[in-house]
Amino acid sequence: MSLRVFVVAGETSGDFLAARLLRALGRTHGPLTLEGVGGSDLQTLGLETLFPMEELSLMGIQEVLPHIPRLLRRIGQTADAARTMAPDLVLTVDAPAFTLRVLRRLRGLDVPKVHYVAPQAWAWRPGRAARLAEIVDRLLLVLPFEPAFFDAYGAPGVYVGHPIVEQVPALPTFTQRQRPGPSPVLCLLPGSREGEIRRHLPVLRGAVGRLAAMRPGLTCVLPTPPRRAAQVRALTEDWPTPLAIVAEPSERFDAYARSTIALAASGTVGLELALARLPTVILYRTSWLTAAVVRRLVRVPYASLVNLVADRPVLPELLQEGCTADGIAAAATTLLDGEAAWSAQVTALDDVAHVLGSGEVAPSERAAAAVAELLAEPCVERTARPL
């Protein structure tokens, strides 16, 4: 008999992680029957998504507020579908604002429940960590400092390693990166969400214009998800330098390889750049309301995951009011013109890359092993408090 899995992934990265884990689980447990919510990667495994996963790819208070009624309906629809399926396993991946609310509604469903990629309770609202223990049977943790944090709150976590190491090839260009020649290439990463691209591209254009005025040979490459390529092209028609837009996901690694530095929106892509040993300036700008709320709640000293893993400011961070064309250009100039600064960041990124390294067993295999171990245990029903 096939293993019946109800899976919920809320965005592209979660779709990829869920598919990798389930492929590994299928190699030990045989055929899988999937229901739930996901994107193209899960659909290749046979999932017929309840609704387009892209409906959940929202970030920021002002982005989310208009969609709250629809999101609440989707939460109820998803939980009802899980109960109807009566699966052997419920797997939710990231997107905690949605997935954890689904899990809360499933607290009476007596099947193992796994959440992959814990919410960043170590950054803000740490009380969520204790409440996770009431709705989840196993957390699959991806950052090396997370086990100690979640253990302190009694949350049942297992460190499986960061799956990003399975996405970034260990190219010689990365592991033995050499400073390029006199014509610099900027790798621009404004984000993968529509709002991020809309907010960041104008300020990146200003920074690139300032840098190009002093470096006539400057060129830019901009990797972007295929679904955002049209938006990016429309917003970069008057770009001040030659610009190559890379919409094929696998080709972004070639873009990293030929780049001198990156200007990147804060997010998981920072870990990709660390594995590519590409010196980077981190930037981020959001709505004033979201920024005001985050500043009151955040508990960590850095926005970049690279800096959090390193526990020091390896990458310069230009956030909100500091995310200006002048500021970005100045930080980029330090790396472009200062050989010592560029080399020091490469060395620091190499250290971070080794911390994130996959070792002998890939993270998806370790995640699947943790799920298999859970499936062999009796499920304990929990009573959940609000998240």
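**Burial, charge and backbone features of the predicted model**

Thr347 counts as partly exposed, at 48% relative accessibility, where buried means under 20% relative accessible area, exposed over 50%, and partly exposed in between (1.4 Å probe, protein chains only). The structure is a predicted model, in which local features need pLDDT of at least 70 and side-chain atom pairs count only at pLDDT 80 or more, whereas totals for chains, interfaces and linings use all residues. Residues are numbered from 1 along each chain as its sequence is written, and side-chain values use heavy atoms, with hydrogens and water left out.

Thr347 is placed in helix α16, which spans residues 339–356; helices (H or I, at least four residues) and strands (E, at least two) are DSSP runs, numbered from the N terminus. Between Thr347 and Arg177 the sequence separation is 170 residues, while their C-alpha atoms are 9.8 Å apart in space. Helix α16 also contains Gln345, a residue that is buried, with a relative accessible area of 5%. Contacts of Gln345 (heavy atoms within 4.5 Å) are made with Leu278, Pro279, Thr280, Val314, Leu315, Pro316 and Leu335, residues up to four places away in sequence not being counted.

Salt bridges were assigned where a side-chain nitrogen of Lys or Arg lies within 4 Å of a carboxyl oxygen of Asp or Glu. By this rule the model holds 12 salt bridges. In one of them, Arg193 is paired with Glu11, with 2.6 Å between the closest N and O atoms. Arg193 lies in the loop between β7 (185–189) and α9 (194–214) and Glu11 in the loop between β1 and α1 (12–29), so the pair ties together parts that are 182 residues apart in sequence. Both partners are buried: Arg193 has a relative accessibility of 13%, and Glu11 has a relative accessible area of 18%. Arg193 also forms a salt bridge with Glu196, for which the closest N and O atoms are 3.6 Å apart. Glu196 is buried as well, at 4% relative accessibility.

Another salt bridge links Asp326 to Arg210, with the closest N and O atoms 2.5 Å apart. Because Asp326 belongs to helix α15 and Arg210 to helix α9, this pair ties together parts that are 116 residues apart in sequence. Arg210 is partly exposed, at 40% relative accessibility. Through shared partners, salt bridges join Glu11, Arg193 and Glu196 into one network.

Arg83, Arg101, Arg104, Arg105, Arg107 and Arg125 form a positive surface patch. Patches are made of residues with over 30% relative accessible area and no salt bridge, like charges being joined within 9 Å and nonpolar side chains (Val, Leu, Ile, Met, Phe, Trp, Tyr) within 5 Å. Accessible areas come from the Shrake-Rupley method with a 1.4 Å probe, and for residues only the protein chains shown count as cover. Lys and Arg count as positive and Asp and Glu as negative, while His and the chain ends are not counted; the place of a charge is NZ of Lys, CZ of Arg, CG of Asp or CD of Glu.

Helix α5 (residues 96–105) contributes the largest share of the positive patch, namely three residues. Arg104 is situated in α5 and is partly exposed, with a relative accessible area of 30%. By contrast, Phe98, Thr99, Leu100, Val102 and Leu103 of the helix are buried. The buried residues of α5 pack against β1 (3–9), α4 (68–85), β3 (89–93), β4 (113–116) and α6 (127–132).

Backbone geometry was also examined. Most residues other than glycine have a negative phi. Ala95, however, has a positive phi, near 40 degrees. Ala95 occupies the loop between β3 and α5 and counts as buried at 13% relative accessibility. Gln320, likewise not a glycine, has a positive phi of about 50 degrees. Gln320 is found in the loop that joins β12 (317–319) and α15 (325–337), and its relative accessibility of 15% places Gln320 among the buried residues.
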